[in-house]
Amino acid sequence: MHSCFQATYGDVLAFFLVGSLFFALFGGFLGGEQCRFDLPGFFELYLCQSSFLSVGSDDFCPGGSIYPNPKESSHFLSLGHHVDVYFPLRKKSRISAPFVFSGERFEQKKPSIDVLPDECLFEIFRRLPGGQERSACACVSKRWLTLVSNIRKDEITTQALNLKDESTDKKGGVVSEDEDQDVEGDGYLSRSLEGKKATDVRLAAIAVGTASRGGLGKLFIRGSNSSRGVTAVGLRAISRGCPSLRVLSLWSLSYVGDEGLCQIADGCHQLEKLDLCHCPAITDKSLIAVAKSCPNLTDLTIEGCANIGNEGLQAVASCCPNLKSVSIKDCPLVGDQGIASLLSSASYSLTKVKLHALKITDVSLAVIGHYGNAVTDLSLISLPNVSEKGFWVMGNGHGLQKLKSFTVTSCRGVTDLGLEAVGKGCPNLKQFCLRKCAFLSDNGLVSFAKAAGSLESLQLEECHRITQFGFFGSLLNCGAKLKAISFVNCLGIKDLNLGLPSLSPCESLRSLSIRDCPGFGDSSLATLGKLCPQLQNVELSGLHGITDAGILPLLESCEAGLVKVNLSGCVNLSDKAVCVMADLHGWTLEMINLDGCKISDGSVVAIAENCLLLSDLDVSKCSITDSGIAALARSNQINLQILSVSGCTMVSDKSLPSLGKLGQTLLGLNLQQCKAISSSAVDLLVEQLWRCDILF
């Protein structure tokens, strides 16, 4: 009597699943060898458990039969619809492999899994119950890796998931750390590919490898392999295998276009941050797709994308209500319409705006001034078409009430009138940075300082119309909250004896930085000493006009105690100034930079004896000898972490024991251009100071 069993193509695929699992775990996946297995043998194993096999519908493969040649498939199964194939009951059932006639004898041809079409392999892989099994299959070949990486999470069959659950249940619901366990895709993993490592194959591997280990949350791709660069194929693997992706950064990818980014939009709906830099093939089309499919987008950065314009930004404005940060640079198609759409649509969520090298006009600044209700950080850089009117209207729009940080660089529209309006229209402005604004004068800077009553930090760089009057005028009129002031490369400042009357000191100022302002000299420094008694951080670098006579009054007037002092490039300072500084402020000093100053061992001895809290010392290109290094080593209380003696040509191998003793606390040691120190001595130091980073 015959028993009957009816199977569909899904059952056939279950058979293939058993075979693939067997080979993934036990067989033949070595190096680049082809994997082959005995199909008839596995058919035998499958048929041993039933006397009949019937083929149902072919719904598992929408493309139709997996066999292009019906005669070939007849070796295994009948093509008829629900036609039973009968076998007599016996202890063993065997189906032999086909025989091939070769020459004068028959040879049994060993079938290979490689003959299976991609559709069939795809069905096998999506029935694997766990991430480790799929990862094992992906290691076999690039073909298998490509197939596995294109499986969406929702395409994994319920039978596979049930099989995994049953396996867990049989173990009492406890899975050990050494066993396979899939973690829910919360997307906390981060991956970065740069240069030659940025290929489609690596992206596919990332998609497969992170799927069962928490999910990929951040992906950064910098540059691309010149011969096998990232294309839409790699991004398609990410889109299908990493639905938890939240941050995507694409830099300098010439082969990635709309197709690749559209794939991301199609599969990564949780995307929150998108960074596109120098991707010339990406256009508005794909940006619109991202906007429509990723409503949670909060951060958008676009730089050097010549084919992205107003249409893409308008889509982002209308579809992404939670947008918080926008940075757009060097995009020639972006104009006032795109910027206006972003600001007007996200007026209550957009907090950071950076516009760099765009062809926008005064209209965009007017929109910012009116709709920037939530903007706290604003940067306007290299906007040649923006005039004085734009800044004036923006300041009088009364919309930037929450603005705290404002940076303006290379904008010809910054004038005295426009800057004063900005100061009045931004009552909560705390940090202001102005660079390369050639039309701003002392009057405009002082008027701004009077209007910006909440200002805490003022930085000016390459504003050559600002003189000593503007410097001290802003310092005296900024109000009681000013904590830091910095002037860099302002050539208009000249050292004049202003003869200021007795004024109330600026008690709030803690940090002073004057760099590369050749006209700043002793008179200005002496005046600063009277006005700023609470200074803690002082940077006076590249000031050739400063001597001991100018810096000594400043050192004597600092009541709070200096913490960080940078005097690099002040070539006219001597040991006297350093010794006075160490004596008066040694109890608070933590960092001293004397790079290029004409000091000798006397300064180092004073520092070693008085500066017990010092952790960072730079005496590069100074007249320091082995005696100075020995003085530092003799100080039992000093705990230096960073020491630089670069260019000290009189420091020799004799300092090796002293440097070894200092190395007990050192984390960084710079011995570059120390020509009297031999390479063998450096090798000994490297071996002895294994925890210290040594530059030689």
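Reply: Helices, at least four residues each, and strands, at least two, are DSSP runs numbered from the N terminus. Keep in mind as we go that this is a predicted model.

Me: Thanks! How many helices and strands does the protein chain have?

Reply: Its secondary structure comes to 25 helices and 24 strands.

Me: And how should I read burial here: what share of the residues in the protein chain is buried?

Reply: Buried means under 20% relative accessible area. Of the 696 residues in the protein chain, 51% are buried. As for the surface, the chain exposes about 31800 Å², with carbon and sulfur atoms supplying 52% of that area.

Me: Could we try a single residue? Is Thr298 buried or exposed?

Reply: Thr298 counts as buried because its relative accessibility is 15%, and the cut-off for buried is under 20%. You will find Thr298 in the loop between α11 (284-293) and β9 (299-303).

Me: Which residues does Thr298 touch, leaving aside those up to four places away in sequence?

Reply: Thr298 touches Glu272, Lys273, Asn322, Leu323, Lys324 and Ser325. For the protein chain, 81% of the contacts with a separation of 6 or more are between residues 24 or more positions apart.

Me: Now the charges: which residues gather in a patch of positive charge on the surface?

Reply: Lys and Arg count as positive, and the patch brings together Lys142, Lys197, Arg202 and Arg228. One of them, Arg202, lies in helix α8, residues 200-211.

Technical notes:
Residues are numbered from 1 along each chain as its sequence is written. This is a predicted model: local features need pLDDT of at least 70, side-chain atom pairs count only at pLDDT 80 or more; totals for chains, interfaces and linings use all residues. Side-chain values use heavy atoms; hydrogens and water are left out. Patches are made of residues with over 30% relative accessible area and no salt bridge: like charges are joined within 9 Å, nonpolar side chains (Val, Leu, Ile, Met, Phe, Trp, Tyr) within 5 Å. Accessible areas come from the Shrake-Rupley method with a 1.4 Å probe; for residues, only the protein chains shown count as cover. A salt bridge is a side-chain nitrogen of Lys or Arg within 4 Å of a carboxyl oxygen of Asp or Glu. The place of a charge is taken as NZ of Lys, CZ of Arg, CG of Asp or CD of Glu. Buried means under 20% relative accessible area, exposed over 50%, partly exposed in between (1.4 Å probe, protein chains only). Contact means heavy atoms within 4.5 Å.
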